[in-house]
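Subject: Structure for your review

Hello,

Here is the structure we spoke about, with the sequence alongside. My notes follow below it.

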Amino acid sequence: MRFSRAYIPTTKESPKDAQLPSHIYLSRAGFVAQVASGLYNFLPLGKRVLRKIETIINEEMAACGALEVDLSFVTPAELWEESGRIEKFGKELLRFRDRKDNLFVLGPTHEEMMVSIVRNRVTSYKQLPLNVYQIKTKFRDEARPRFGLMRAREFVMKDGYSFHASTEDLDREFDAMEAAYKRILERLGLSFRIVEADSGAIGGTGSKELMVLAQSGEDTLAVCDTCEYGANVEAARRAPRSTVPEAPEADFAKFKTPNIKSIDDLSAFFHTDPFYTLKAVIKRAVYTEGSEPVCFFIRGCDELQEVKARNSVGAIDLVDITEEELREIGLVPGFVGPLDQDKTRFVMDNNTRDATSMICGANETDYHFVGVTLSVMNEASFADLVAVQEGDGCPHCGGKLLHTKGIEVGHIFKLGTVYSAPLKAEYLDENGRSQPFIMGTYGMGVSRLVAAVIEQHHDERGCIWTHATAPYMVNVMVSNIKEEAHMAYAETLYLELQSRGIETILDDRKERFGFKMSDAELIGFPLTVIIGKELENEQVQIMIRATREIITIDAAGILDKIEELTR
RNA sequence: CGGGGCGUAGCUCAGUAUGGUUAGAGUACUUGGUUUGGGACCAAGGGGCCGGAGGUUCGAGUCCUCUCGCCCCGACCA
């Protein structure tokens, strides 16, 4: 491609709305242009990057025997009513009616459609397993689109679904998909982590998210500094404490603790570690129908993880509760404890199981109990409630857990029969019995990956594309196109590189050196060959974008050098 | 969906408090000239329904009402 004939509208100024590096540079370098909130046009360079990512995904899916399909973007609302998700998705589903007044939705994901193409066609266990996928535009009418391509309303996603006759076979396919996803991200040149995740309201097990590590990530991860373990904080686990602080010595007693309400005050008052205090966190749990106050008890040294807490009671939301509401229920703010208390439902953290020497509220103003043994609490329900902190132990190897930020670019999990059962998608097993398909689902955000590459690879001058994602690998830049010998040399090099299969752009624009260099850096081609005054000495220069290092070499060796650098 | 902010040239923004000839700058664009290794300089140009509708006024980019759009914080996010 000749730059003079390309359409690459670069700008010096960032769009005022852009905040994230990916948004700023993809806009400034002319990869994408915003149309409306959460809607983007892909310009020629952006489209090339998108296609490169799609090609890699297609290659890896083909290697696994997954089959590509293309389902209609507009889907009849009946399918969504059948699965019950028309309600669950709510306003995120964009609905509209056709001329015959039939209701349709724009597909936000395609579980229903994919099940519908298989059901009543795949009828025997002999036709299983089956893994089908598509790379397709999705639409979710997000309440608040933001961060450019990272959270758009219209986006490109690869969504795949597998169908099996046994959970063992699903497990095998799931592992194969995890390996394939790992290869895709490796080939893209991304640094990432596969982490354990919360399955969300939809249920299912073995939920794993593929996280590209970047400061601007929306998700917080707990990752082990020693082994491969990593988890979204919403689902992170930790090893039991290897050492526990010295326990306070006290027999069971009620103790006057005037105005001692916080964990800090309490541990200071008794000169003991917060480990031996019991923290009560009271929330209002909201269910599909109705709500109730719930008291979560955790050790004073821990923090409540809200997603875990929500899951522990099957609530759809937890909201804060006021001190007045607490008093109305009959609880004493600052002195809430689990003993002799039946005012609310309560959940105890697993770490408090069989705890001894504990200090907890006495449900009476200015009094706490000391020397409490929680093994008597067997009627309470226990669950994992705590937020993993930095420095906690890894549940696998005992290494240290650290927090980091990640961009979720993939999510795979085992659906089981969550969709196949209600949609009555069944096959006949060896015994001639009808069975719902056992399903797995594998998603990857393709347009989000474009942004993720830049979030992870940029500097203050612009994009730094990885070799697999670069719109062009080499930019042949002529410093001054009026120098006929320079242009002639560049033309020859341009043709030669292309004949060797290296994607090349020739910057033949009538612009000054600095202008072209700035564009090269903003756009982020991995290599820029600078053809200019050095040519008088039979030399050319190569600017390596990642480091901005400029190397000067003999013109004769340029092709070999480029092949070496692009390998 | 709650809270906040912003809509003026292709882009980034002044101008609005206190209404008053022909609405500005930078950048980008066109033409001519000079330059040619880090977004160069000189000169001359084209480009605007001041988001939209209604109102107040002799007169509205500016004041009032309504509306639409975009951004930020939060809630939400299979």
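In this predicted model, strands E13, E19 and E18 form an open sheet, in the order E13-E19-E18, with antiparallel pairing. The edges are taken by E13 (253-256) and E18 (358-364); each has a single partner strand, so one side of each is left without a neighbour in the sheet. On average, neighbouring strands here are turned by 35 degrees against each other, direction ignored. The pairing of E13 with E19 (residues 367-372) is antiparallel and runs over 4 bridges. Within that pairing, Phe255 has His368 of E19 as its bridge partner.

Next, strand E11. E11 covers residues 219-224 and is mostly covered, with 5 of its 6 residues buried. E11 pairs with two strands that are worth looking at in turn. With strand E21 (residues 401-416), E11 runs antiparallel and is joined by 6 bridges; Leu221 stands opposite Thr404 of E21 in this pairing. With strand E12 (residues 230-232), E11 also pairs in the antiparallel sense, over 3 bridges, and here Ala222 is opposite Ala231 of E12. The link between E11 and E12 is a hairpin of 5 residues.

Among the helices, H10 (residues 446-456) is mostly covered as well: 10 of its 11 residues are buried. The buried set includes Val446, Leu449, Val450, Val453 and Ile454. Ser447, Glu455 and Gln456 are also on the list of buried residues.

On to the RNA. How many residues surround RNA strand B? There are 44, and the closest are Arg140, Arg144, Arg151, Phe515 and Glu521. By type, the residues of this surface divide into 21 charged, 12 nonpolar and 11 polar.

- Arg28: a polar side-chain atom lies 3.4 Å from a base oxygen.
- Asp519: an N or O atom of the side chain is 3.3 Å from a base nitrogen.
- Lys533: a polar backbone atom is 2.7 Å from a base oxygen.

The elements that give two or more residues to the surface near RNA strand B are strand E1 (32-36), helix H4 (85-89) and helix H12 (513-523). H12 gives the most, with 7 residues.

A disulfide is a covalent bond between the sulfur atoms of two cysteines. A search of the whole structure turns up 0 disulfides. Cys227 is in none: the nearest cysteine sulfur is that of Cys394, 3.6 Å away, whereas a disulfide requires the two sulfur atoms to be within 2.5 Å.

Regards

Terms used
Residues are numbered from 1 along each chain as its sequence is written. Chains are lettered from A and ligands numbered from 1 in the order in which they are written. This is a predicted model: local features need pLDDT of at least 70, side-chain atom pairs count only at pLDDT 80 or more; totals for chains, interfaces and linings use all residues. Side-chain values use heavy atoms; hydrogens and water are left out. A residue is near a molecule or strand if one of its heavy atoms lies within 4 Å of it. A polar contact is a pair of N or O atoms within 3.5 Å; within protein, one must be able to donate a hydrogen and the other to accept it, and residues adjacent in sequence count only if both atoms are side-chain atoms. Ala, Val, Leu, Ile, Met, Phe, Trp, Tyr, Cys and Pro count as nonpolar, Asp, Glu, Lys and Arg as charged, and the others, Gly among them, as polar. Buried means under 20% relative accessible area, exposed over 50%, partly exposed in between (1.4 Å probe, protein chains only). Two strands pair if DSSP finds at least two bridges between them. Axes are lines fitted to C-alpha atoms, for helices over the stretch in contact, and angles run from 0 to 180 degrees between N-to-C directions.
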